[in-house]
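Here are some comments for a colleague who is starting to read structures. Please keep the model open beside this note and look up each residue as it is named.

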Amino acid sequence: MVGILWFFVSIVMFVFIALALRSKSKNQNPRRHFRRAGIAFVTGLALFFVTVAVTDEVEEPVDQTASADEDTEEVTEEATEEETAEESKEDAEEEEEAETEKEESIEAEKEASIEAAEREKEESIEAEKEASIEAKEESIEKAEAEKEKSIEEAEAKAEAEEEPVEEPVASKEGLIPVSLYRVVDGDTVNVIDDSGEELKLRLLLIDTPETVHPNKPVEPYGKEASARLTELLNAADQLYIEYDSGDKTDHYDRHLVYLYADDVSVHEVLLKEGLARVGYIYEQQRYLSEFRAAEQYAKDRQLGIWSIPGYVNEGGEGFNSEEPEAEPETTSEPATNETSPSEGNGETEYFQNCTELKKVYPDGVSSDHAAYQPKMDRDKDNWACE
């Protein structure tokens, strides 16, 4: 605005000077020209101010808008600069945060790796510890199992030794059903067969103490043997007899048999309980090994007859219930096996015991035989070494 005013004043002064010079050159009155120039100057100046005032009023809104635009532009520029600065700052912060996150991620991965390694190490140690404990427990369990097995085996063995050996189940083939008539003693029984005939039985391969011998007292465990045999036979639903190979009867016409109460061998029961011994051994020996085992069971435990020292005559037959008779002195040489009472020469045959005699006379000898000796006839039935 000031520049415009000065410009206008300069023009007016120039015009004024020009008019003064013109009036001088024409020899006109200069005051007149100066007065006109002054009026023109004042008028021009007034017009100038009026013009400027109107122009200011008209242009003022425009200027304000321009100013506003300029302010807006400035604000925008400032805002842009601030936004740029903020964006730069945010970018920097984001970069810093990204870097921080990266570092944190690396640190977290490192820590996770360390933790995983430590956890793996701990798990490995724990697994080894558990494996060691399990191995130890398995070893203990194995030892206990072996111990229990050993104990069970020992108990089973003891039970097997204590319990009676299971008697052989008799096959019905070859067995003859009979009915009980009466029990004479532990190894002699009278029965009735299917035809109604009474049979006197002598049980094979066993010998029990005497209870009814006319010339001998009742021997220890004789009554027990008779009572046990009676109990077994009375408790059975059916009795069976079985013959062996060889002779069916002895010289007393007693049937030589094995006797069963239902399916149980009474021979083995008496032997196992120590109420009988293995004896009366001739050619019939079908169950000799089984009977020996049953006898050994009672002998090892000193049951029944084996509880009395020296009671069982283990060197021969029978039982040592009496003092042995003195052996007669021999006045002559023993006769040969061919010599017999029927020859009438008065000579006798001498054998030290039944074992020697049975080598020559397996069935024993009667009282009228040259080899007969009273000491060998322990049951006093006039038959030695039967």
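Which residue in β6 does Leu 203 stand opposite? Keep in mind while looking that this is a predicted model.

1. The residue that stands opposite Leu 203 is Val 257 in β6. Strand β6 covers residues 255-261 and runs parallel to β3, to which it is joined by three bridges.

2. Strand β3, made of residues 198-203, also pairs with strand β2, residues 188-192, and here the sense is antiparallel, with five bridges between the two strands.

3. Together with Phe 7, Ile 11 and Val 15, Phe 14 makes a nonpolar surface patch of about 430 Å². Phe 14 counts as exposed because its relative accessible area is 61%, and the cut-off for that word is over 50%.

4. Glu 219, found in the loop between β4 (206-207) and α3 (222-235), deserves a separate look. Glu 219 is classed as buried because its relative accessibility is 3%, where buried means under 20%. The side chain of Glu 219 reaches the backbone nitrogen of Glu 210, at 2.8 Å.

Conventions: Residues are numbered from 1 along each chain as its sequence is written. This is a predicted model: local features need pLDDT of at least 70, side-chain atom pairs count only at pLDDT 80 or more; totals for chains, interfaces and linings use all residues. Side-chain values use heavy atoms; hydrogens and water are left out. Two strands pair if DSSP finds at least two bridges between them. Helices (H or I, at least four residues) and strands (E, at least two) are DSSP runs, numbered from the N terminus. Patches are made of residues with over 30% relative accessible area and no salt bridge: like charges are joined within 9 Å, nonpolar side chains (Val, Leu, Ile, Met, Phe, Trp, Tyr) within 5 Å. Accessible areas come from the Shrake-Rupley method with a 1.4 Å probe; for residues, only the protein chains shown count as cover. A salt bridge is a side-chain nitrogen of Lys or Arg within 4 Å of a carboxyl oxygen of Asp or Glu. Buried means under 20% relative accessible area, exposed over 50%, partly exposed in between (1.4 Å probe, protein chains only). A polar contact is a pair of N or O atoms within 3.5 Å; within protein, one must be able to donate a hydrogen and the other to accept it, and residues adjacent in sequence count only if both atoms are side-chain atoms.
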